[in-house]
Amino acid sequence: MKIWAMVAPRTPLKLIEVEDPNPKGTEVIVRTTHCGLCHSDVHLWEGGYNLGGGKVMSILDRGVNLPLAPSHEIAGVVDAVGPNADGVHVGDKRIVFPWIGCGKCDRCKAGEENLCATMSPIGLLRHGGMAQKVVVPHPRYLVDPGNLELGLGATYACSGITANGAIRKLEIDSPEKPVVLMGAGGLGLSAVALLKAKDHRNTIVVDLNSAKREAAMEAGATAFVDGTASDLGAKIKDAAGGPVPYAIDFVGNDKTARVLFDNLAKGGRVVIVGVAGGELNLSLAGLIFVPRAIMGSVVGTIQDLREVVALANSGKLKPLPIERMPIDQANQALQKLIDGKTTGRIVLEHNNTD
Ligand SMILES: [Zn+2]
Ligand SMILES: [Zn+2]
């Protein structure tokens with residue numbers, strides 16, 4: 001099969017031929033029809049994450065083997081099943097849950113494979129959606145898209161569940177309380193749409209690019225704050241009607257985390273999702289006098305994926321804007337994402353005839 005492979009950091013993806021996969025045991029081979037591009041793919045391609053304080057987490061030190069087909073937002077059609085793979089058949093359309101845990105630890109057994117210490121994600125430690133075929137270790141990682149179009153369905157495997165997982169962690173106790181979302185990229189817009197689908201009625205979006213206002217309001221935001229404002233904290237509190245009970249940071253840099261944390265209400269919480277990177281110094285006494293929680297959230301669970309797909313099938317979850325490009329333009333697509341020249345999600349479409 002062909003894969004569009006990352007061969008070295010910051011080097012154009014290359015079309016190469018690798019051995020066709022053969023399913024063993026419980027494995028299922030999915031022929032990729034669509035794969036979404038995520039900012040994590042950009043970090044992968046750049047070779048690492050900014051950990052703050054001048055430190056970088058190198059993807060090569062984290063066990064990534066090159067060449068590798070990126071993309072962890074995958075949908076397609078079952079192409080072959082192993083002898084012990086029950087419940088799926090050749091020809092079934094499926095969305096792939098890519099966050100594969102060991103299956104044995106307490107987190108995996110609790111259904112939180114995304115928190116497994118030895119997680120081995122598809123598109124990161126195994127070939128992802130930029131391969132013509134993807135090896136899925138077990139049918140339990142496949143979700144029936146129902147009546148969803150597969151290009152849209154693919155995006156739920158990361159942007160959908162990451163937004164859902166972060167919203168879940170807020171433990172929102174009233175549909176009227178303000179939720180502040182920093183960043184109106186693919187993830188932020190997913191969160192806006194999910195909150196609306198869950199009947200939340202007070203969602204404030206902050207973004208540096210006021211051209212994103214329209215997309216945010218269209219997705220269901222109730223207010224938009226221009227992130228370039230010099231008194232951004234005051235502007236956010238104005239929009240929220242006071243200190244903020246709930247916030248999600250889809251950017252995750254020194255400035256965004258700072259402004260959200262500093263403007264939380266007593267008992268408020270901020271969930272950090274974006275990995276732009278940086279550091280946050282906290283006053284420990286301040287954390288007590290205005291008790292607040294700051295926590296990280298990484299992707300989501302298979303249950304998040306089922307929930308998001310069900311909401312989308314019910315018609316309550318508005319689809320994100322998707323920009324479709326042929327897989328042959330994988331490099332141009334990646335560049336577009338790096339340049340920030342996209343609203344919503346880029347989905348690459350495979351040409352399944354060769
Ligand atoms: Zn992702
Ligand atoms: Zn595990």
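Which residues in helix 1 meet which residues in helix 10? The model is predicted, with local features requiring pLDDT of at least 70, side-chain atom pairs counting only at pLDDT 80 or more, and totals for chains, interfaces and linings using all residues. Residues are numbered from 1 along each chain as its sequence is written, while chains are lettered from A and ligands numbered from 1 in the order in which they are written.

**View 1. Contact of helix 1 with helix 10.** His39, Asp41, Val42 and Trp45 in helix 1 meet Leu334, Leu337 and Ile338 in helix 10; contact requires C-beta atoms, placed from the backbone, to lie within 7 Å. By class, this contact has five nonpolar, one polar and one charged residues (Ala, Val, Leu, Ile, Met, Phe, Trp, Tyr, Cys and Pro count as nonpolar, Asp, Glu, Lys and Arg as charged, and the others, Gly among them, as polar). Helix 1 (residues 39–46) and helix 10 (residues 330–338) pack at an angle of about 105°, their axes 10 Å apart. The two helices are therefore roughly perpendicular to each other, a term for angles of 65 to 115 degrees. Axes are lines fitted to C-alpha atoms, for helices over the stretch in contact, and angles run from 0 to 180 degrees between N-to-C directions. Helices (H or I, at least four residues) and strands (E, at least two) are DSSP runs, numbered from the N terminus.

**View 2. Strand 3 and its partners.** Nine of the ten residues of strand 3 (residues 28–37) are buried, that is, 20 or more other C-beta atoms lie within 10 Å of their own, with C-beta atoms placed from the backbone. Strand 3 pairs in the antiparallel sense with strand 6 (residues 73–81) over eight bridges; pairing requires at least two DSSP bridges. Val30 has Val78 as its bridge partner in strand 6 and Val134 in strand 8. Strand 17 (residues 345–349) runs antiparallel to strand 3 and is joined to it by four bridges, with Val347 as the partner of Gly36.

**View 3. Buried residues of helix 7.** Thr256, Ala257, Val259, Leu260 and Phe261 are buried in helix 7 (residues 254–262). Their cover includes helix 6 (232–240) and strand 13 (244–249).

Definitions and conventions: Buried ≥ 20, exposed ≤ 12 C-beta atoms within 10 Å, placed from the backbone. Contact = placed C-beta atoms within 7 Å. Parallel < 35°, antiparallel > 145°, perpendicular 65-115°, else oblique.
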